[in-house]
Amino acid sequence: MAKEYRTIEEVSGPLMLVQDVEDVAYDELGEIVLSNGEIRRCQVLEVSGNNVLVQLFESSIGINIEQSKVRFLGHGMELPVSPDMLGRVFDGLGSPIDDGPEIIPEKTMDSNGLPMNPAARAYPDEFIQTGISAIDGLNTLVRGQKLPIFSGSGLPHNQLASQIARQAKVLDDSEKFAVVFAAMGITFEDANFFIEDLRKTGAISRSVMFVNLANDPAIERIATPRVALTTAEYLAFDLDMHVLVILTDITYYAEALREVSAARKEVPGRRGYPGYLYTDLAQIYERAGRLKDRTGSITLMPILTMPDDDKTHPIPDLTGYITEGQIILNRDLYNRAIQPPIDVLPSLSRLKDEAIGDGKTRADHADTMNQLFAAYSRGKDAKELEIILGEEALSEADRIYSRFSDEFEKRYISQTFDVDRSIEETLELGWDLLSILPKNELNRISETYIEKYYRDEIFSEFWSE
Amino acid sequence: MSSEQGRIIKISGPLVIADGMRDAKMFDLVRVSKMNLIGEIIEMHGDQASIQVYEDTAGLKPGEIVKTTDEPLSVELGPGLIGGIFDGIQRPLDELVKIEGNNISRGATVQPLNRSKTWHFFPSVEVGAKVSTGDVIGFVDETEILKHKIMCPHDVSGEIINIKEGDYTVEEIVAVIKDDQGDKHELSLMQKWPVRIGRPFKEKYAPSQPLITGQRSIDTFFPVAKGGTAAVPGPFGSGKTVIQHQLAKWAAADVVVYIGCGERGNEMTDVLNEFPELEDPNSGLPLMQRTILIANTSDMPVAAREASIYTGITIAEYFRDMGYSVSIMADSTSRWAEALREMSGRLEEMPGEEGYPAYLGSRLAQFYERAGTVKCLGSDDSDDRTGVLTAIGAVSPPGGDLSDPVAQSTLRIVQVFWSLDSALAYQRHFPAINWLSSYSLYEEKIDEWMNENVSENWSQLRKDAMILLQEEAELQEIVRLVGHDSLSFSDRLKLEMARSIREDYLHQNSFDEIDTYSSLEKQFYMLDCLMNFYYEVQTALDKNADYQKLISLPIRDDLARMKYIEEENIKETYDKYKKRISQEIADIIPREA
């Protein structure tokens, strides 16, 4: 039986100081026993001589310095895991909340995980078809990638994420697939949307959910992504499954981290976030990936809402430096009813190059992708000019590109949340649009593909009016 | 063996404080607890030492023992470095996989250099020869392209009394030196050096030759000199890492040290997969045979990230001392600075700007100052004893904002600045080096070299092209106000030609087999063709030729595709195109009545 201490010295915000303890380790998990017998969890943040500073995962309401007791469990944050977790719902620390039976663990895993040895990683190179043209065609998702969705409040990131969870498949699909969903600080309605959506499509039976809602204890959120990723590691590397992890919303996670940091009176970095925010986020995101000697994989899609749609805010900024690209949602597109409102120009998938092309998608994929980007970008510039000077002042070429960018948004990006386009359809659609441009403008595509795919009839028809 | 034993009294993240450490020295390497975690003393108060621990400290308890090794953090230098992948404190990651599996657990002790592998040693001096520090006493063929020279270690000089060709492991004695006092020194293939101290040299020279990278926008407009320093700052997604990879692949160096410091794990895997398959453009052998990787990814312990930069540059200096040209790429120095900040915060130091410690600038300067062209130590003064160390650092400023303290401190030191631009990246114009805000302070010296070695027209062409690009920016302002049609034909031509330089010359596809590398000759031929077209069209306009016809000449499509022409055909193509340019333009000029 672990020793119990009645030496709580101080409780302040999410922190508590306990004196005269023995043999307590850094990062150890503890339990606080309230006078009414209620048990709350905590974790050691700092050990200094006989004093320990602990972080409370739950509220401090009702903790009495005299009567409450603390005991330390002799281990860090651990998670019991088992295949039975599929189809179940847990709280942010990994305890079941769905009236189902307790999990009988196959094994217990350290939820902090250990860094993956870069020499043991396998480079992600398998194309995942999400059925969304703006992603498949231009910002391709790859198995084992970490690709966040940068969104803003009020934008349909949940619909997009659930569409991806629903439609994502690998082209030769015979393998086991699972979804791990971690909600951090989102509202009941948002969480319910996901649960219902997964239930409707029957995907719930191969999903594991960790739910920390907006009114759940904020500090618990610090543990939630770790618990979720530990489960994902178990499913992927022990049970050989391909796991898609959705973490939403990273912004609330970072705020919880800031709360603890501020309570510890640490020197703040940008906007009051702790200086170690980058390292902390990296320890979460870097758990995605593939290993050379395992079949399974972890593909990670964190969702974050950019405060005031500002991409340079520390959370999206640091995330972008760690993840392998980003999908950015745009309010202007959303207002023009373009669904999903993916702003393809600043969006990026860093791993796409290895996952597309001959034998993966189609040989002309890379060329058409670059051409579409270049043309859309030029079209947007032309549109800007048009706003200032009027259509008359545009050069002939600019006029063509301006029309192209309208068509591109209307037909390529926009497809609504229930349409599932195959990669073939996406690529063909790309050529339909590129054929609006004169042939000699296609300077990023090699001759052979132009000959094979360019449609002269579209060009003449489009410009006949 | 040291008998001092301290005890842990405080643990806070990667910082551990121990007492009973009176006999330890600043920057000594220590072993913490029974788990044998590696740490380094960074502060001392009385008998208390603050230790930054290079591994995760979860589970440590007060009272556990701390032992000093009485040595500063050092790297092992010898055969076996090339082709290796090491973490920030030089543990070989591929060996760790074999011992510990897919994840990096704690307290692992693996020797940096393989102890059982034997190397064939060829002596280059004979018994009786007098040698001093830095002198080459023999070599090992470490890879097909690299002779690993074995040098007389620091503070050793005298007469060789024994040296023999043969197969040795890195620890076995290959030679014995008797110094003036009559003391004998046994030399093995391996030596050690503390990472925080720069390796000494005789003399430093001002850089004057370009480091040829095969990247057109770098070599032509913003060249970096051999032995120089360069920085690549840019927001995420602007292609910093791709540029660093391109330089690691194609830069004309004998040895490349690539430090992945606080970056993505998959990027290191990418390098590990790709480099053994890529050919060195000079030797045709796999690039891995000249590359050393230091990988401390962002999820690995933060203190080791701080050390990785020093580990990398010390290894680079070691190869420089052999008389090689070494390039070091550090991606990203911002993550390194953040590691400094994190430790500084834990030490409760008074913060400077944005929470970074006040010594950020001086630490960065110390790193970049270890670059340079030097005369190596040793009694031999011949030319092949000139070593070169070129340092190229990536900077990841928050939100791409260059007022960030790391970016600002870096810019004060480095001579070349490649400014990456997110607007260019959105257009998929790569490398996204902004030609208006980047600079190279080596420009003039390198122009001289280029005029002598590539073509006497080089500096003129380069300047004219740059002026075009600058004029384009001004003209675009005007277009934005009054529209395209109000421009004169000569201004329209400038816009059109600047676009052509951007798209057909500066834009370089690093994923295309041919376009990924352009030799200086190819760069010259391409630029010469483009600029000649411009000059001749200008003259033709003066002779009342039709503007539309001129800029839609068929040769232009071919000029645009010139980057995809193989190196061996480029001269022939160049001659052909130059003729076609004159001819096609001449056909359009109206005959005088």
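Predicted model: local features only at pLDDT ≥ 70, side-chain atom pairs only at ≥ 80, totals over all residues.
Residues are numbered from 1 along each chain as its sequence is written, chains are lettered from A and ligands numbered from 1 in the order in which they are written, and side-chain values use heavy atoms, with hydrogens and water left out.

Let's start inside chain B. A nonpolar core here is a set of buried Ala, Val, Leu, Ile, Met, Phe, Trp, Tyr and Cys residues joined through side-chain atoms within 4.5 Å. Buried means under 20% relative accessible area, exposed means over 50%, and partly exposed is in between (1.4 Å probe, protein chains only). The largest core has 85 residues, and W418(B), F533(B), L550(B), L559(B) and M562(B) have the most contacts inside it. Its largest share, 13 residues, comes from helix 13 (residues 520–542) of chain B. Take M562(B) as an example: leaving aside neighbours within four places in sequence, M562(B) is in contact (heavy atoms within 4.5 Å) with K522(B), Y525(B), M526(B), C529(B), I570(B), Y574(B) and Y577(B). Apart from this core lies another, of 74 residues, with F86(B), W193(B), Y310(B) and V326(B) among them.

Now look at helix 10 (residues 443–453) of chain B, where I446(B), D447(B) and M450(B) are buried. Seen down the helix axis, these buried residues fall within an arc of 110 degrees, so they line one face of the helix; the arc is that of the directions from the helix axis to the C-beta atoms. They pack against helix 2 (216–221), helix 11 (458–482) and helix 13 of chain B. On the face turned away from the buried side you'll find the exposed residues E444(B), E448(B) and E452(B).

Next, the place where the two chains meet. Y26(A), P118(A) and Y321(A) supply 13% of the area that chain A buries against chain B, more than any other three residues. The count of salt bridges between the chains is three, a salt bridge being a side-chain nitrogen of Lys or Arg within 4 Å of a carboxyl oxygen of Asp or Glu. You can find a salt bridge between the side chains of K61(B) and D23(A), at 3.5 Å from N to O.

Over all chains, the structure holds 77 salt bridges. The side chains of E171(B) and R115(B) meet in one at 3.0 Å, N to O. Both residues lie in loops of chain B, so the pair ties together parts that are 56 residues apart in sequence. R335(B) and E338(B) meet at 2.9 Å, N to O, and both lie in helix 6 (residues 333–346) of chain B, three residues apart, about one turn of the helix. R335(B) is buried, with a relative accessible area of 0%, and E338(B) is buried too, at 8%. Over in chain A, R362(A), D364(A), E424(A), E428(A), D432(A) and R455(A) are linked in a network of salt bridges.

Finally, stop at T230(A), in helix 4 (residues 220–238) of chain A. At 0% relative accessibility, T230(A) counts as buried. The side chain of T230(A) makes a polar contact with the side chain of R287(A) at 2.9 Å, and also reaches the backbone oxygen of S111(A) at 3.2 Å. A polar contact is a pair of N or O atoms within 3.5 Å; within protein, one must be able to donate a hydrogen and the other to accept it, and residues adjacent in sequence count only if both atoms are side-chain atoms.

Methods:
Helix = DSSP H or I, 4+ residues; strand = E, 2+ residues; numbered from the N terminus. Buried area = accessible area lost by both parts, 1.4 Å probe.
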